[in-house]
Amino acid sequence: MARQSSDLIYDRSVDLSVDYVRTGLTSAEVALRQNEGRTNAVTKVTSRSLSRIIKDNVFTRFNALLGVLFILVMLTGSFIDGLFGIALVLNSVLGIGQEWYAKRKLDSLAVLHAPVATVVRDGQQTTIDVSKVVQDDLIFLTPGDQIPADGPLVSTDNLEVDESNLTGESDTVNKTTQDEVYSGTAVVAGSALFRAAVVGEEATAQKLALQAKVFTRAHSEVQASTNRLLRWITWVLVAMFPISILAQYRALDYGTWAEVTSEWRTIVLRGTGGLVALVPEGLVLLTTLAFLLAALQLTRHQALVQELPAVEGLARVDVICLDKTGTLTQGEIVFERIEILPNQVRSEAINALGGFAHDPVPNATTLAIAKNVPVSTLEVTARVPFSSARKYSALTLANGQSWVLGAPEIVADHNKDLQVLVAPLANQGVRVVVLAKVSSLDSWGEPTPVALILLTEAVRPDAAETLAFFADQDVAVKIISGDNPVTVAAVARRVGLDLGPDDKQWSTVVDARTLPDTAEELAEIVEGITVFGRVTPEKKRLIINALKLCGHTVAMTGDGVNDVLALKDADIGIAMGNGAGATKAVAQIVLLDSRFSHMPKVLAEGRRLIGNVERVASLFVTKNVMAACLIIATAILGVSFPFLPRHMTLLSVLTIGIPAAILALGPNKRKYVPGFLFRVLLLSVPSGIAAGTATFIAFAIAVGSEAERSTLALMVLFIVNFWLLGVLARPYVWWKLLTISAMASLAVGAMVLPLTRTFFQLDIPGFEVPLAFIIGGCGAAVVEIAHHVRRSRSLSFPVRTRE
């Protein structure tokens, strides 16, 4: 992202007199600028607001459906039958709680890493929060400082700036007086004074951040499928409500309006009993709970989930885009070795390197060398500091020898033998620096190369293992970097990324400047490319959108301001904890300790979650199909609905809610397969029809009181649902068998214990109990057949690994 001085528009009339450079602004000048609002304070969006979190979790279609039915039941005064309202409250509370927890965690992280600046005011250096910097402040920069504003340099001393946060390029940039520096960049070496000419939301970093302020939620197939079901069910409920109420009126056979008005509570309770069962409240609640627990589990692995659906989204990711710097590498130069050239003296070379390496104002290269080379035994009598424009530094030692250290093409451009040695090293991504003798600092003569210093970028020790995990999980990896594609490809090979045979690897490695400028054109070639070099922030965004156009679910990692737009467009944005605040604001997941090696745990957790939710979703939808069948049957035949809302609550808790929650927390290593909703319906529709038919037959042929008939029908429904639970729990392990046994025992207890029988209005019909097992067994047989049909069509779960 090349920049010219014209990029900055600011007041150049400020007096840069000797007094200003010495004293900076006065207290009065600072106060004036604060009153005029010319400060560096900006509105930081580190996460969603609490009001937005509450709104998105409370005002949902699920809550609206259950809320209306809950109000109807409450109007009857039968508060026990309103127990299903607990699900309504829990769903919202869990969602709000998780996102509020994530917001507080992220906000505290932002405060913990709040940057500071050293300003010169009234002739004194003062350290202040960057938000308190005012326009025209004189700011002192030293290595490691984050530059808080845009402006011209007033004075410099071998200043080198890392602009990778803005450009994506890891090479540092040398700056001299009157050059501009930009917010969002960092000082690597040297020192300087600069004037904060552009502050606040007009600064470069903030302008990029503002483009990404619109918050986008991660897509969830489970939630999208559930919402689609709810849309269908909404219309079914609208149609079924009058049918259900009319059916209960006909079944009770009231003769006069006075009788109807006196018994309206019975009509409402029996009518809403079926309507409540039509809402898959358990599925929504389980999804929320599973997301919450997965998010809390990931927090233990230093991964902060800012949106619940992001956990599931990770299970669907099939392409992950990584930056080289900070992800595959540690972002620092590492000394690899010294190669002494033939006929040269090693001790002389080491002594000269010691003079370069222990420069009072070092740069990134000399700092890396200094860790491996001792201080020179000879005093340095003259020195030419390094400059990125010159690409070399030079010195003279006390013994009269003059030396130069720099890029091969500068130090020994005409030495063909040396170029032959350097070329293959450079193609491997190794940074080569040449140490050579010269006649003097003023007149080099013909430099005599003495040694090659080989430097590399420090590769993260866990990078290779992490990439191997993605390959095993069929997740394609794309490396997107602002660096030279040759360098990036070399690093990719070092961490085990397959770029194809050596003679063909350049078909998978490209310079992004040669790529098309539209996502549609880029989509035609993007899948075959693994390494993208010289990528600008806008081109990075195009690559993400091109991959999405190809049908991929894309995750993107980033830490700099230059990554913000791409993170926002990716299906799942993953930010580093030490990255820019703007990246953490738009990302769905933040790696708190900035270690990419946590990603396998994050991906595995997402796949475990969606696999288990799919495993038990049929339990919930089966209940909905069963309820629809019963409503239609009772309306056609003019009989009362078999159950009260409390009966449906008991059934849901013991055969669906509790066991499903336990099964959803178990291990599941299967890979994601699209088609969640279709696979669920393939089992749940025939199972629901079988359950509804068996239940209605039992209720219709039963004799005795209303409570006895409802109890017999409930026994049949328990048998069918427990069989379905057993089917979905396969393969069996001890904790699954224990769960099913415990739930069955509680169901039996609810029917035989006097206290619970009274509470749930149950009455066991003695001689008809065997009939319940016969009818329930028939329904269970249909469930088993449906399960095998689904498996035979290859639409069931893939072969499970051992749990």
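**Salt bridges up close**

Tutor: A search of the whole structure finds 15 salt bridges. A salt bridge here is a side-chain nitrogen of Lys or Arg within 4 Å of a carboxyl oxygen of Asp or Glu. The model is predicted: local features need pLDDT of at least 70, side-chain atom pairs count only at pLDDT 80 or more, and totals for chains, interfaces and linings use all residues. Residues are numbered from 1 along each chain as its sequence is written, and side-chain values use heavy atoms, leaving out hydrogens and water.

Start with Arg-33 and Asp-136. Their closest N and O atoms are 2.9 Å apart. The pair links distant parts of the chain, 103 residues apart. Arg-33 sits in helix α2 (residues 27-35), and Asp-136 in the loop between β2 (124-129) and β3 (138-141). Helices (H or I, at least four residues) and strands (E, at least two) are DSSP runs, numbered from the N terminus. Arg-33 is buried at 11% relative accessibility. Asp-136 is buried too, at 4%. Buried means under 20% relative accessible area, exposed over 50%, partly exposed in between (1.4 Å probe, protein chains only).

Next, Asp-569 meets Arg-541 at 2.6 Å, N to O. Asp-569 is in helix α21 (residues 564-569) and Arg-541 in helix α20, 28 residues apart. Asp-569 is buried at 13%, and Arg-541 is partly exposed at 23%. Back to Arg-33: shared partners join Arg-33, Asp-136 and Arg-195 into one network of salt bridges.
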